[in-house]
Amino acid sequence: MSYSGTKGSNALLQSTLVDDFNRPVDYVRIAVTSSCNLRCSYCMREDHKETADTESLLKIRDINTIIDVLAGLGVTKIRFTGGEPLLRKDIVELVRQAKTHTGIKTVSLTTNGLLLDRFLPALIDAGLDSLNFSIDTLDDNRYRAITRREEFKRVRENLDMLLKTDAISVKLNVVLMRDINSDELQRFVDFTKDHSVTVRFIELQPFDDNQIWRTGKFFSADKIRALLQSYYPDLNPVRGYATEYFSYTQPDHKGSIAIIPAFTRNFCTGCNKIRITSNGQIISCLYEKKGINLLPILRGNAPHSALIELFRQAVSQKPQDGKHTLNNSVRTSMSEIGG
Ligand code: SAM
Ligand code: SF4
């Protein structure tokens, strides 16, 4: 499907979600909790308070209704994220039920991996297609410094367990930061030798709760690329997913390596997604301050057509270039909106 990228009629596909710039929306990230069992210094403040309001937290039936409506609007890909999605006791059931909706082709999860030993076999059995495992260092002391928690051993064991399975597609998310973990680049690339994983080096993004953003730790995608190419001069450029702006394979390695310029480039031209927060706000753009609250309609026994209208309204609010609209009131944390 092609889109013009200019504002105009979006009569492209009336029954699907297409924004005012003719970009089809077929991907939804759902934050299933805003709670977390780590306190990554680039994501949350150490004293981050969990929201006590359990009433507004999306219940499994809310999420099912949302997916049902979205599948009917042409959405094919769902990612469960958070906060830490494995803190949801019903995460396996969420995956299982998401897979039953006609039209949903992929169900994925982004996790810090701490509780994966409890859930992996059941998630695979439930039909999970792919998993992004976030780990920024392979050093115990650094892990403690970055996450402010003593959990390295379990997370590392869980990563090894995950790498042993070939039942689902696996990506490692590594936020690369100057003088913090940039010297570990080769250790991460080593995972691609014997495993068909994608190791993704991600640029740090500025959120208000990101306390290391202003301390000069930002390491740009250009610098990551230069460093990577200095160690691996034989890299072959390959086509990656939308946000994987630079993507490579290394001869004789089974996996691939990608760089995500989350801050220095914007991916607005090809943006195909919306987000839903754990308290039911539809967020049409990462840089948008205020979402649209789904809950009154979702829980008010309104017909599906009212929800469809709400999603269309959200999609029509997508700016052509979100970063261009960036002002001082950026969000506090990636965990708030589902990274
Ligand atoms: N807790 C889960 C995890 O860490 O994978 C899921 C939620 S977390 C918000 C999703 C992804 O966002 C993680 O890969 C994390 O590293 C990334 N992230 C969080 N804050 C970020 C920031 N300020 N800049 C870049 N990436 C960030
Ligand atoms: Fe938690 Fe993920 Fe944020 Fe780390 S990046 S604090 S694991 S939500």
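Me: Is aspartate 252 buried or exposed?
Reply: Aspartate 252 is exposed, because its relative accessible area is 79%, where buried means under 20%, exposed over 50% and partly exposed in between, with a 1.4 Å probe and protein chains only. This is a predicted model, in which local features need pLDDT of at least 70 and side-chain atom pairs count only at pLDDT 80 or more, while totals for chains, interfaces and linings use all residues, and side-chain values use heavy atoms, with hydrogens and water left out. Residues are numbered from 1 along each chain as its sequence is written, and chains are lettered from A and ligands numbered from 1 in the order in which they are written.

Me: And where does aspartate 252 sit, and what is its phi?
Reply: Aspartate 252 sits in the loop between β8 (246–249) and β9, with helices (H or I, at least four residues) and strands (E, at least two) taken as DSSP runs numbered from the N terminus. Its phi is positive, about 75°, although aspartate 252 is not a glycine. Most residues other than glycine have a negative phi.

Me: What about arginine 148, what is its phi, and is it buried or exposed?
Reply: Arginine 148 also has a positive phi, near 60°, and is likewise a residue other than glycine. Arginine 148 lies in the loop between α4 (140–147) and α5 (152–163), and it counts as buried because its relative accessible area is 19%.

Me: OK, on to the ligands. Which residues come nearest to ligand 1?
Reply: Of the 20 residues around ligand 1, Tyr42, Gly83, Ser134, Asn173 and Gln205 come nearest, a residue being near a molecule if one of its heavy atoms lies within 4 Å of it.

Me: What polar contacts does ligand 1 have with glycine 83, serine 134 and asparagine 173?
Reply: A backbone N or O atom of glycine 83 lies 3.0 Å from a nitrogen atom of ligand 1, a polar side-chain atom of serine 134 is 2.5 Å from an oxygen atom of the ligand, and an N or O atom in the side chain of asparagine 173 lies 3.1 Å from an oxygen atom of ligand 1. A polar contact here is a pair of N or O atoms within 3.5 Å; within protein, one must be able to donate a hydrogen and the other to accept it, and residues adjacent in sequence count only if both atoms are side-chain atoms.

Me: How much of ligand 1 does the protein bury?
Reply: Ligand 1 taken alone exposes 540 Å², and the protein buries 95% of that, with areas from the Shrake-Rupley method and a 1.4 Å probe; for residues, only the protein chains shown count as cover.

Me: What classes of residue make up its shell, and which elements supply at least two residues each?
Reply: The shell around ligand 1 has 6 nonpolar, 12 polar and 2 charged residues. Here Ala, Val, Leu, Ile, Met, Phe, Trp, Tyr, Cys and Pro count as nonpolar, Asp, Glu, Lys and Arg as charged, and the others, Gly among them, as polar. At least two residues of this shell come from each of β3 (106–111), β5 (169–175) and α11 (334–337).

Me: And which residues surround ligand 2?
Reply: Ligand 2 is surrounded by Cys36, Leu38, Cys40, Cys43, Met44, Gly83, Asn112 and Ser335, which divide into 5 nonpolar, 3 polar and no charged.

Me: What sits over the ring of tyrosine 27?
Reply: The charged end of lysine 77 does, 4.4 Å from the ring centre, and a charge sits over a ring if NZ of Lys or CZ of Arg is within 6 Å of the ring centre and within 35 degrees of the ring normal.
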